Amino acid sequence: MKALMITRDSQLHAEVAAQGAARLPALQLAASRDGLRDAVERLAPEAPQLVIVDASDVAPAEAELLERLARLYPGAAFMLLTGGQQHELLIRAMRAGMREVLPLPLQHKAFHEAMDRIDVQAGVTQLRDGKVLAFLSCKGGSGATFISTNFGYALATLAEKKVLLIDLHGQFGDAALYVSDLKPAMTLAHVCQQIGRVDGAFLASCLVHVSPGFGVLAAADDPVGGVDMTAEHMETILRVARQHYDYIVLDVGRQIDPMSLRALDGADAIYPVLQLALPDIRDGRRLLDIFRSLGYPNERVHLIVNRYEKGGKLRLSDLEQALGAEVVHAVPNDYIAATDSVNQGVPALQLSRTSAVARSLAELVERVTARRIAENKGLFGRLFGRADAEL
Ligand SMILES: Nc1ncnc2c1ncn2[C@@H]1O[C@H](COP(=O)(O)OP(=O)(O)O)[C@@H](O)[C@H]1O
Ligand SMILES: [Mg+2]
């Protein structure tokens with residue numbers, strides 16, 4: 001977005017320029033004017049989408065200049081930065097259709113929140129209403145991290161959704177490494193530490209960007225580092241994330257602490273991942289008992305069977321009966337594709353599009369996004385390079 005900045009204060013100019021440049025999409029101060037009179041006398045060569053006015057030194061008698069400015073740029077949004085008591089000026093500004101008024105000194109959080117509203121109104125970004133999907137592993141090694149990370153990538157790639165994965169492991173979180181060789185510079189702990197700053201741009205700056213539509217917020221690597229991580233933090237992060245992503249995928253791991261509990265409370269769907277073996281089933285039953293005592297409705301809990309092999313002694317229907325929950329999806333055992341992917345830190349879909357596990361993840365994407373194959377041959381076509389792929 002291109003803005004016209006009106007101020008005599010070079011420090012404020014630099015501050016807004018820096019904050020704007022860090023936004024996604026960036027806010028660019030394309031033109032500058034040295035006060036209101038300068039602005040009305042010298043039209044900007046290109047009509048700005050946003051006009052930021054430092055009104056801190058505007059005298060009441062100059063309020064009329066604000067109205068002239070509004071008429072000069074009828075298509076622009078206006079942000080007014082005010083000093084102390086400027087009631088008269090504010091009323092005139094509101095009448096001229098200026099909605100965003102921020103006090104000086106500039107608070108960055110308030111600035112970005114106002115920018116978020118302006119971006120949405122200008123159609124630069126759309127506020128989303130993202131869904132939270134939580135993956136848990138019933139037993140260590142069930143495959144929750146493998147499935148959540150690879151599913152997140154598949155969702156972003158095949159369904160062209162904006163996806164954020166949050167690794168909620170308190171310790172030894174490794175989700176980012178499953179799909180990327182980039183070392184996370186920031187983690188969930190950093191985000192909690194600066195919870196007052198959290199908005200879409202800040203969140204995006206803390207991610208490992210695996211692909212344009214898929215980012216991973218790495219686990220707090222040092223749980224005893226003195227950073228407070230609370231249920232309230234989780235709530236804030238998810239509220240902001242829902243506004244900026246279509247899907248928020250959580251790798252919850254196995255531990256249920258106050259933070260992950262709050263995440264599960266707010267999740268739209270919970271996917272316990274387990275293998276078709278007795279130890280997994282035992283732990284799965286315990287987990288489902290906890291969910292029932294927490295009052296989670298059955299419709300929100302969908303089992304995923306991993307490393308499934310047809311023709312085994314235990315059948316999917318046995319599992320459903322034992323656990324009293326529905327198996328929504330079975331991911332086949334695909335040792336080579338899964339191991340190659342994990343060892344290289346490259347999503348299975350990217351590594352081998354036709355592997356059994358990649359096809360299965362594509363199916364899960366279809367199920368979750370409720371896109372029907374008939375109307376969506378494009379998705380499978382994109383995956384397999386032909387339009388008539390069968391499931
Ligand atoms: N469908 C699959 N087929 C074969 N191997 C798999 C499959 N899913 C996961 N694995 C392997 O299982 C291992 C453990 O998975 P992981 O996701 O780390 O488990 P969890 O997070 O539940 O503890 C991974 O190293 C991966 O290689
Ligand atoms: Mg794991």
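Buried here means under 20% relative accessible area, exposed over 50%, and partly exposed in between, with a 1.4 Å probe and protein chains only. By that cut-off Y296 is buried, with a relative accessible area of 6%. The model is predicted, so to speak of a local feature takes a pLDDT of at least 70 and a side-chain atom pair counts only at pLDDT 80 or more, while totals for chains, interfaces and linings use all residues. Residues are numbered from 1 along each chain as its sequence is written, chains are lettered from A and ligands numbered from 1 in the order in which they are written, and side-chain values use heavy atoms, with hydrogens and water left out.

On to the rings. Rings of Phe, Tyr and Trp (its six-membered ring) pair if their centres lie within 6.5 Å; planes under 30 degrees apart count as stacked, over 60 as edge-to-face and the rest as tilted. The count by this rule is four aromatic pairs. One of them joins F135 and F151, a tilted pair at 5.6 Å centre to centre with 45 degrees between the planes. It ties together distant parts of the chain, since F135 belongs to strand β6 (residues 131–137) and F151 to helix α6 (residues 144–158), 16 residues apart. Helices (H or I, at least four residues) and strands (E, at least two) are DSSP runs, numbered from the N terminus. Both partners are tucked away: F135 is buried at 1% relative accessibility, and F151 is buried at 0%. F291 and Y296 also form a tilted pair, because their ring centres are 5.4 Å apart and their planes at 35 degrees. F291 counts as buried, at 1%. Ring pairs also bring Y271 into a cluster with F135 and F151.

R300 places its charged end over the ring of Y296, 4.7 Å from the centre. K162 does likewise over the face of Y245, at 4.6 Å from the ring centre.

Next, helix packing. Two packed helices are described by the angle between their axes and the distance between the axes. Axes are lines fitted to C-alpha atoms, for helices over the stretch in contact, and angles run from 0 to 180 degrees between N-to-C directions. For helix α1 (residues 10–21) and helix α5 (residues 108–121), the angle is about 55 degrees and the axes are 11 Å apart. That makes α1 and α5 oblique to each other (under 35 degrees is roughly parallel, over 145 roughly antiparallel, 65 to 115 roughly perpendicular, and the rest oblique). With contact taken as heavy atoms within 4.5 Å, E15, V16, Q19 and G20 of α1 meet H108, F111 and H112 of α5. Q19 is buried, at 16% relative accessible area.

Lastly, the backbone. Most residues other than glycine have a negative phi, and most peptide bonds are trans. L104 and P105 are joined by a cis peptide bond, with omega about 0 degrees, and P105 sits in the loop between β5 (100–103) and α5. E160, not a glycine, has a positive phi of about 50 degrees; E160 lies in the loop between α6 and β7 (163–167) and is exposed, at 59%. R307 has a positive phi near 55 degrees; R307 is in strand β12 (residues 303–308) and is partly exposed, at 39%.

Definitions and conventions
A charge sits over a ring if NZ of Lys or CZ of Arg is within 6 Å of the ring centre and within 35 degrees of the ring normal.
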